[in-house]
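Visitor: I would like to go through this structure term by term. Please tell me what each label rests on.

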2 protein chains.
Amino acid sequence: MTLDDELRRALDEKAKPLGSLGRIEELAVQLGLIQGTLRPRVADPVVLVFAGDHGAVASGVSAYPSAVTAAMVQTYLAGRAAVNLFARQAGGRVVVVDAGVAAGLPAHPGLVAAKVGWGTQDWARGPAMTPAEAESCLRQAASIVDGLADGGCTVLALGEMGIGNTASAALLAHKVAGPALEGLVGRGAGLDDAGLARKRAVVAQGAARTPATLAPVDALAEYGGFEIAMLAGAILRAAERRVCVVVDGVIVTAAAIVAHAMRPECLAACVFAHRSAEPGHDAMLAHLGAKPLLDLGMRLGEGSGAALALPLLRAAAAVLSDMADLRDVT
Amino acid sequence: MTLDDELRRALDEKAKPLGSLGRIEELAVQLGLIQGTLRPRVADPVVLVFAGDHGAVASGVSAYPSAVTAAMVQTYLAGRAAVNLFARQAGGRVVVVDAGVAAGLPAHPGLVAAKVGWGTQDWARGPAMTPAEAESCLRQAASIVDGLADGGCTVLALGEMGIGNTASAALLAHKVAGPALEGLVGRGAGLDDAGLARKRAVVAQGAARTPATLAPVDALAEYGGFEIAMLAGAILRAAERRVCVVVDGVIVTAAAIVAHAMRPECLAACVFAHRSAEPGHDAMLAHLGAKPLLDLGMRLGEGSGAALALPLLRAAAAVLSDMADLRDVT
């Protein structure tokens, strides 16, 4: 009997009608398979927030200036952003990674300094980073994940901060996975109609620089950002370490598309937390065959949606570990 | 400026793009309005599980015997059912009410003894209970809610256990709200095709005994159960006490339909936790104009869905209470 079969049998023996916990049961099976056990645990869950800046902001792809990236990182470190509140009440902690913020950041126990550059280059005019920088992002993210996994982390919720990064996410999804660029570009943090038209034009200009399809690492180098490249590396490494990855919104999903293109089997470790209100997310999720747990009209990023899904993972693990069997009841 | 306006302004001043927390923001406004404050709290959340048996089980409306009701109540008291696990990880406690279980139950600190009868009469042949019993259910539930509210409970998640009670829920929704009976009757805890056909026949027989439309308390008396009548009473009283009610699946939603028919304003205090996989739920939710938070294919009852929604309420309250304002960031 395979572990999959054993997990399903264990669920069927619980004190409930067959299948009556719906997706919580599917999640329990997935967690068990990732961790290789009939009794998966949500131990030391970490919300890992990668931050980086984007040269393309200068060409006009965001309603906000790049300085907001560093300001929000400070807010995460102060514990006062949405992701902090949501992580805290789920019994998780937030760790921030400076992947490439275009500002100096003070040393802080909750900050991992891994700056690959002071923001990427503007992909509207040329590559966002060198291939060596993209590889460095993948390697550094793997090292960070190793540190967390060695410390006992079994669930890694991924988030990000980077003004301008929905444009990178759209370009990555388009070049690696194929959906039309048109449907992938949205208002991001809040562009008005004129801003959206400008973003579309800049993205089209950036897309025209390179072939229709790119290999995953090439796409990361062309369009960035440092934080998205690290997210892809984190997904790949977490899957290897049998750490469950909780995928947040459009940015982390774009990173999952890149990681999936590199090693398709990493998808088995990914739980998709929520359906973002950013319009491109549906096409990205469809490419991966992913069905998110929550649909709350959120589009904040940070890992806020991933953090909100942690209680569902805890519920799934608890059903296998702590719930009475039918034979205990009758 | 109204409290509603003040709540929306407070949310707009938070360190996030406008509206980017989607339904969490709507929930924050609702919680603030229920509690009459700009800083709502999820203090001492209780999952209140009403249990009762149904005479109609003898006519064949469930895949399980009535004895399962008492057995599951024992499992709740032992802390080992799904609702216990989900409540615990949301920082809530489970309180069980014996509204009318057809078995003696031992005294237990987590059990409120409020037995109105040893199961209802079979509504296929006559009224499930007397009008006086229905009124007693409403009164006793109000008294229980008063006790919890006086003790500091600000959020009340409602659940139920009662073999046979999806049939009562279908009849109540049909007679009070109007949707066709056909679409309201499902497999409940797991009837096969023959069992479903029998349930449909018994429900049709029961429905034929009374006029097409019934006043809410008359409907409770005709079709029960004791636990559903108490749920309706709990909703009405919680709304009066400005306690937020978290509505679980089809049974609690049927009780909400009854309560709404008695005093429509009680709906403002209700948060609908999840969309049940039981097919009648959509029609019930549509009647109330309710849009549930979660859609996880669950159909267990117990309050398990309501308990899973508690972290979303905590998140909403935390956004208003603890999240940084934009002016703190820039």
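Guide: Let us start with G100(A). Leaving aside neighbours within four places in sequence, G100(A) is in contact with A51(A), G52(A), D53(A), K115(A), V116(A), G117(A), W118(A), G119(A) and F226(A). Note that the model is predicted.

Visitor: What makes these residues contacts of G100(A)?

Guide: A contact needs heavy atoms within 4.5 Å. The listed partners, among them W118(A) and F226(A), meet that cut-off.

Visitor: Why is G100(A) called buried?

Guide: Buried means under 20% relative accessible area. G100(A) has 0%, so the label applies. The residue sits in strand β2 of chain A, residues 93–100.

Visitor: What is the radius of gyration of chain A, and what is it set against?

Guide: A compact globule of 330 residues would have a radius near 20 Å; chain A has 20 Å, so the two agree. The C-alpha trace spans about 70 × 40 × 35 Å along its principal axes. Chain A has 14 helices and 6 strands.

Visitor: How many of the residues of chain A count as buried?

Guide: The share is 65% of the 330 residues. Chain A exposes about 11,000 Å², and carbon and sulfur atoms supply 53% of that area.

Visitor: What share of the contacts in chain A joins residues 24 or more positions apart?

Guide: Such pairs account for 74% of the contacts with a separation of 6 or more.

Visitor: How far apart are the mean positions of the positive and negative charges of chain A?

Guide: They are 2 Å apart, for 28 positive and 32 negative charges.

Visitor: Which residues touch the most other members of the largest nonpolar core?

Guide: F86(A), W123(A), F86(B) and W123(B) do, in a core of 280 residues. In soluble globular proteins, nonpolar side chains tend to be buried together. Beyond four places in sequence, W123(B) touches residues including V61(B), L171(B), V202(B), R209(B) and Y223(B).

Visitor: What makes helix α4 of chain B mostly covered?

Guide: Of its 8 residues, 6 are buried. These are A82(B), V83(B), N84(B), L85(B), F86(B) and A87(B). They pack against α2 and α13 of chain A. In chain B they pack against β1, α3, β2 and α13. Just after α4(B), G91(B) takes a positive phi of about 70°.

Visitor: Why is S62(B) called partly exposed?

Guide: S62(B) has 21%, so the label applies. S62(B) lies in the loop between β1 and α3 of chain B. Its contacts beyond four places in sequence are I163(B), G164(B) and L191(B). S62(B) and R8(B) are 54 residues apart in sequence and 46 Å apart in space, C-alpha to C-alpha.

Visitor: Is L300(B) buried or exposed?

Guide: L300(B) has 14% relative accessibility, under the 20% limit, and therefore counts as buried. L300(B) lies in the loop between α12 and α13 of chain B. L300(B) touches K16(A), P17(A), S20(A) and L21(A), as well as A82(B). L300(B) and E160(B) are 140 residues apart in sequence and 9.9 Å apart in space, C-alpha to C-alpha.

Visitor: What is the phi of E302(B)?

Guide: Phi is near 75°, a positive value in a residue other than glycine. E302(B) is found in the loop between α12 and α13 of chain B. At 2% relative accessibility, E302(B) falls under 20% and so counts as buried.

Visitor: What is the phi of R242(B)?

Guide: R242(B) has a positive phi of about 60°, although it is not a glycine. Its place is in the loop between α10 and β5 of chain B.

Definitions and conventions. Residues are numbered from 1 along each chain as its sequence is written. Chains are lettered from A and ligands numbered from 1 in the order in which they are written. This is a predicted model: local features need pLDDT of at least 70, side-chain atom pairs count only at pLDDT 80 or more; totals for chains, interfaces and linings use all residues. Side-chain values use heavy atoms; hydrogens and water are left out. Helices (H or I, at least four residues) and strands (E, at least two) are DSSP runs, numbered from the N terminus. The radius of gyration is taken over C-alpha atoms; the globule rule is 2.2 Å times the number of residues to the power 0.38. Buried means under 20% relative accessible area, exposed over 50%, partly exposed in between (1.4 Å probe, protein chains only). Accessible areas come from the Shrake-Rupley method with a 1.4 Å probe; for residues, only the protein chains shown count as cover. Lys and Arg count as positive and Asp and Glu as negative; His and the chain ends are not counted. The place of a charge is taken as NZ of Lys, CZ of Arg, CG of Asp or CD of Glu. A nonpolar core is a set of buried Ala, Val, Leu, Ile, Met, Phe, Trp, Tyr and Cys residues joined through side-chain atoms within 4.5 Å.
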